[in-house]
2 protein chains.
Amino acid sequence: MKSIKHMWPATVVVLGLLSPALASIWPIPSVYVNGTTNTVVASAQITAPSISSSILSAAIRRYNTIIEYESFTPPTDYNRRPPDPEGSLTGLTVSVDSNDETLSLETDESYTLDIPTTGMAKLKANSIYGAMRGLETYSQLLVANGGYRFVKSTPIHIEDKPVLKHRGLLLDTARNYYPIGDIMRTLDAMSFNKMNVFHWHIVDAQSWPVESKTFPDLQNKGAYGANMRYSYKDVQEIIDYAQVRGIRVIPEFDMPGHTYSVGLSKPSIMSCLNKQPSWDNFAAEPPSGQLNIAKPAASEFAVSIVSEYVRLFPDSVFHLGGDEVNRNCWEQDPDVKLYLEANPEESVETLLVDFYDKVHNAVANLNRVGMTWEETLFHSNYTPPKNTIIQAWIDEESIPKTVAKGYRSIASPASAYYLDCGHGGWLTNVDGGSWCDPFKTWMHIYNFDPMANITSAKQRKLVIGAEVALWSEQSDATVLDARLWPRAAAMAETSWSGKTDAIGHVRTTKEVTQRLHNQRFRMVGRGIMAEPLQPLWCARNPGSCFAP
Amino acid sequence: MKSIKHMWPATVVVLGLLSPALASIWPIPSVYVNGTTNTVVASAQITAPSISSSILSAAIRRYNTIIEYESFTPPTDYNRRPPDPEGSLTGLTVSVDSNDETLSLETDESYTLDIPTTGMAKLKANSIYGAMRGLETYSQLLVANGGYRFVKSTPIHIEDKPVLKHRGLLLDTARNYYPIGDIMRTLDAMSFNKMNVFHWHIVDAQSWPVESKTFPDLQNKGAYGANMRYSYKDVQEIIDYAQVRGIRVIPEFDMPGHTYSVGLSKPSIMSCLNKQPSWDNFAAEPPSGQLNIAKPAASEFAVSIVSEYVRLFPDSVFHLGGDEVNRNCWEQDPDVKLYLEANPEESVETLLVDFYDKVHNAVANLNRVGMTWEETLFHSNYTPPKNTIIQAWIDEESIPKTVAKGYRSIASPASAYYLDCGHGGWLTNVDGGSWCDPFKTWMHIYNFDPMANITSAKQRKLVIGAEVALWSEQSDATVLDARLWPRAAAMAETSWSGKTDAIGHVRTTKEVTQRLHNQRFRMVGRGIMAEPLQPLWCARNPGSCFAP
């Protein structure tokens with residue numbers, strides 16, 4: 001790509017007032033140039049004469065529907081007279097260099113969008129997924145006003161691509177269940193924010209909602225109920241629904257901890273199943289239970305799980321969990337004790353390393369890349385394969401520590417990106433906060449920098465992504481949208497657009513508030529019950545609700 | 001009423017295991033006695049042969065509909081075999097001593113409910129509103145299980161009445177707007193929890209959504225939009241909808257502060273209208289603006305507002321606001337300065353006393369009781385009429401201070417009862433908390449005692465009520481249900497049932513968790529999107545999710 005500075009030297013937007021069009025785009029594009037014409041929409045119809053990809057065709061149909069029904073007026077345009085139309089948009093043509101439908105960490109999501117003062121707009125991308133990102137931007141540029149639709153500030157030239165390759169959202173569907181319709185709506189909302197990874201924390205101690213062909217009783221005994229299950233068909237529908245939105249689905253089968261629900265059908269391979277009332281000696285939360293790492297049948301089970309579900313989930317990355325293992329659970333286990341008496345050269349630590357090694361090898365043997373929580377790297381003696389993706393959550397400093405060791409890092413620090421925090425303790429005999437209070441405001445999320453304290457260019461490249469997480473101790477479908485949105489959108493922008501603009505200025509929440517209001521109201525219009533940021537008065541009066 | 005101890009000495013429930021029937025009642029009745037029979041529901045039909053009140057008739061129709069469609073199974077009964085039916089319920093008859101439809105602070109809400117092992121249940125009450133409370137209890141006793149409906153643990157005898165007369169919920173419909181359907185759903189939810197006051201904080205600085213016949217431009221210029229208004233007809237519908245649920249509607253017209261929206265049509269009677277960017281010198285939050293207390297037209301306006309709206313709102317209590325007045329706003333006002341130069345014996349303080357006096361007199365002259373925030377009593381030199389109801393919010397200690405002065409108190413301390421808190425700052429250029437963090441968990445709400453530090457029986461009687469509040473800086477219709485419920489239900493129980501049981505034991509959150517889970521799931525079944533308290537696993541396994 002040619003340097004944009006040479007092409008559009010005088011008009012590159014770097015700071016200052018938002019043009020009306022730019023105000024309606026979230027996340028903000030990397031290169032954005034605009035004029036001052038108000039183009040009325042004669043037709044917004046999207047066509048793609050030479051596209052053969054059925055996935056991109058489905059995306060175009062979806063955006064044609066969104067465009068047909070959407071009538072988004074920015075709050076600042078309330079009661080404002082529509083501008084005089086000075087040009088006429090007649091539609092958008094889409095072209096791509098390749099119709100390849102492979103979706104992976106390496107997928108090229110760049111696109112170029114040109115909207116003239118009059119005539120057809122043009123969207124070009126290398127991949128079909130880049131084209132999808134451009135379709136979202138295009139849809140956001142169409143604003144309604146006084147019965148007309150406009151693209152304001154034309155001509156517009158956008159060149160855009162993400163800063164981070166993995167822009168994810170974790171949903172825990174095990175502590176509480178979410179119907180697939182809610183997951184699909186969440187995927188819609190992710191696509192509105194150019195997010196591209198659905199990290200499906202699908203099972204945990206409390207329930208095992210997903211079908212297993214290998215061990216049917218995992219679901220039969222482990223799901224919360226007949227109406228709280230994910231069949232193979234459901235999972236396939238979710239994966240397909242995600243793919244036509246350019247979203248990868250990474251499943252997590254958390255082992256060896258967080259597995260009480262396995263014990264409902266396989267008690268013989270478990271340790272410390274539901275110890276009460278002192279569960280805190282055995283687990284981070286009730287019910288306790290871990291795979292019994294002294295038993296070969298337990299690691300064989302774990303390998304079987306990997307083998308089964310890599311067939312169901314096509315993504316190249318498979319998440320193995322590995323977090324919050326409790327040593328005491330095993331130290332108190334009679335079978336572990338017997339084993340260690342018979343094998344005094346071993347220990348709980350060597351057994352754990354052996355377990356991790358078996359499941360990570362299984363992933364590698366099945367041509368997948370392993371992903372795991374940071375404890376596997378930092379809190380055990382195990383050395384994961386060098387291509388393992390390490391997800392940081394305990395400490396923001398785990399991100400620089402991970403890349404310093406040469407591993408790829410996904411930033412999910414609880415201190416910034418845990419969207420469930422801030423609702424106080426959930427053990428109902430306490431009257432106080434939780435370990436991860438306070439609530440993470442969108443400003444706090446926006447201000448977090450996954451690259452903080454990493455100076456080496458090589459190490460910065462190893463920070464491949466960021467993920468917000470919704471753990472479900474205090475969430476279920478009744479509160480899903482408001483827990484996620486618009487706060488997840490804050491991370492969506494910093495992970496797509498980066499923390500800084502073209503001249504290195506770190507964007508402030510003050511500067512982006514108006515755009516985020518627009519994005520929030522647009523999402524509500526599209527059926528996502530995103531929570532309000534402020535009184536409507538503030539959204540209509542940009543700059544009037546700042547702390548002096 | 002005879003001492004229940006003499007009537008049912010051996011079986012009064014005081015502590016320990018919940019009977020299956022008691023587990024499904026929220027708030028807990030003052031006297032509850034049960035047997036061990038499982039009565040199957042042949043008919044649950046409610047009839048009231050001798051009732052002439054159309055309001056009670058409407059309530060009976062409503063509960064017959066709820067009962068017809070509801071199929072609530074407690075989470076603990078999941079997959080449990082239905083009990084063997086040992087008796088048969090054939091319906092409920094309702095009788096009342098009076099068909100008087102007056103609804104006020106003094107309304108008698110007591111009722112007696114008897115459900116035999118076999119035959120007709122009987123509900124008796126002194127007033128139609130007491131009968132409504134009993135209808136709710138009756139509906140909660142019907143639980144579904146395996147295709148049958150039961151009343152468990154019959155025979156049941158309940159004698160019930162509230163500890164506090166005013167059990168309220170404040171909704172701020174000015175910072176953000178709520179459609180009347182959302183308000184009606186909130187009134188439904190309140191009735192499910194025996195709450196009886198909807199405190200309608202209907203106008204504020206940000207908008208004036210309600211119609212005014214006296215000053216039509218208040219709404220025309222002050223409402224957020226044509227689709228964000230409350231007409232007289234809307235208000236009347238809300239009042240009627242509330243009354244058939246036994247809920248009073250107390251309107252609040254907050255003056256002289258929080259009135260920027262008045263300035264949109266009446267700038268001549270205002271001071272410090274929307275000072276920017278240093279609004280913090282003039283108001284608690286933007287936009288600033290107060291009635292200009294140096295101008296007779298301002299207090300005349302305030303008196304006109306009282307005169308108009310006492311006609312629209314029939315309740316005997318009228319809330320005048322009076323909170324968070326900013327002296328600097330007036331000290332800097334040119335007209336106030338001129339007035340005080342001409343009248344050196346006066347001051348901002350005397351002007352404020354004079355203003356308060358005029359509006360409180362207007363209320364009294366219209367045969368209403370004034371209600372006001374605690375600043376009127378504690379932060380000004382004004383002495384309100386002795387029958388004024390003082391609402392505490394700044395400090396929990398304001399409650400004992402209020403009753404020590406001989407005034408009646410409503411407890412709404414922000415530290416316990418502000419349901420909007422805990423979502424961090426909302427001025428979007430800050431990355432931190434808000435003054436009223438943290439989030440108030442249901443446990444914290446439940447543990448708060450409005451009577452704390454008040455020992456004199458006479459003074460305890462002056463604590464007439466409690467109110468949770470949802471201020472709307474960060475709330476609107478998208479998040480309403482989850483912000484309110486089930487946390488408001490925690491206050492609903494402590495204000496109806498009191499803090500202690502019959503033998504003076506202070507109920508703990510540990511003891512009531514199972515009942516609150518039931519109430520939350522029942523509410524979700526009735527269409528209230530109440531947030532979950534815990535993983536479903538915890539709700540199904542009482543006692544397994546406590547902190548050791």
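**Exercise 1. State how many disulfides the structure holds over all chains, and locate the link of A:C421 and A:C436.**

Step 1. Over all chains, the structure holds six disulfides, a disulfide being a pair of cysteine sulfur atoms within 2.5 Å. A disulfide is a covalent bond between the sulfur atoms of two cysteines. This is a predicted model, in which local features need pLDDT of at least 70 and side-chain atom pairs count only at pLDDT 80 or more, while totals for chains, interfaces and linings use all residues. Residues are numbered from 1 along each chain as its sequence is written, chains are lettered from A and ligands numbered from 1 in the order in which they are written, and side-chain values use heavy atoms, with hydrogens and water left out.

Step 2. A:C421 is joined to A:C436 by a disulfide with an S to S distance of 2.1 Å. The link of A:C421 and A:C436 is left-handed, with -110° about the S-S bond.

Step 3. Both A:C421 and A:C436 lie in the loop between helix 14 (414-417) and helix 15 (442-447) of chain A, so the pair ties together parts that are 15 residues apart in sequence. Helices are DSSP runs of H or I with at least four residues, strands are runs of E with at least two, and both are numbered from the N terminus.

Step 4. A:C421 and A:C436 are both buried. Buried means under 20% relative accessible area, exposed over 50%, and partly exposed in between (1.4 Å probe, protein chains only).

Step 5. When the bonded cysteines of chain A are numbered in sequence order, they pair as 1-2, 3-4, 5-6.

**Exercise 2. Determine which parts of chain B are tied together by the disulfide of B:C272 and B:C329.**

Step 1. The disulfide between B:C272 and B:C329 has an S to S distance of 2.0 Å. With -95° about the S-S bond, this link of B:C272 and B:C329 is left-handed.

Step 2. B:C272 lies in the loop between strand 11 (270-271) and strand 12 (290-291) of chain B, and B:C329 lies in helix 9 (residues 327-331) of chain B, so the pair ties together parts that are 57 residues apart in sequence.

Step 3. Both B:C272 and B:C329 are buried.

**Exercise 3. Identify the residues with the most contacts inside the largest nonpolar core.**

Step 1. A nonpolar core is a set of buried Ala, Val, Leu, Ile, Met, Phe, Trp, Tyr and Cys residues joined through side-chain atoms within 4.5 Å. The largest one has 150 residues, and B:L56, B:Y138 and B:W485 have the most contacts inside it.

Step 2. Residues up to four places away in sequence being left out, B:Y138 touches several others, among them B:A44, B:I46, B:I67 and B:L89. Contact means heavy atoms within 4.5 Å.

Step 3. There is also a second, separate core of 149 residues, which includes A:L103, A:W279, A:I445 and A:Y446.

**Exercise 4. Describe how chain B is superposed on chain A.**

Step 1. Two copies of a chain are related by a rotation about an axis and a shift along it. Here a rotation of 180° with 0.0 Å of shift along its axis brings chain B onto chain A, with an RMSD of 0.0 Å. The superposition is by least squares on the C-alpha atoms of residues with pLDDT of at least 70 in both copies.

Step 2. This is the relation of a two-fold axis. The same surface serves both copies, since 100% of the contact residues of chain B recur in chain A.
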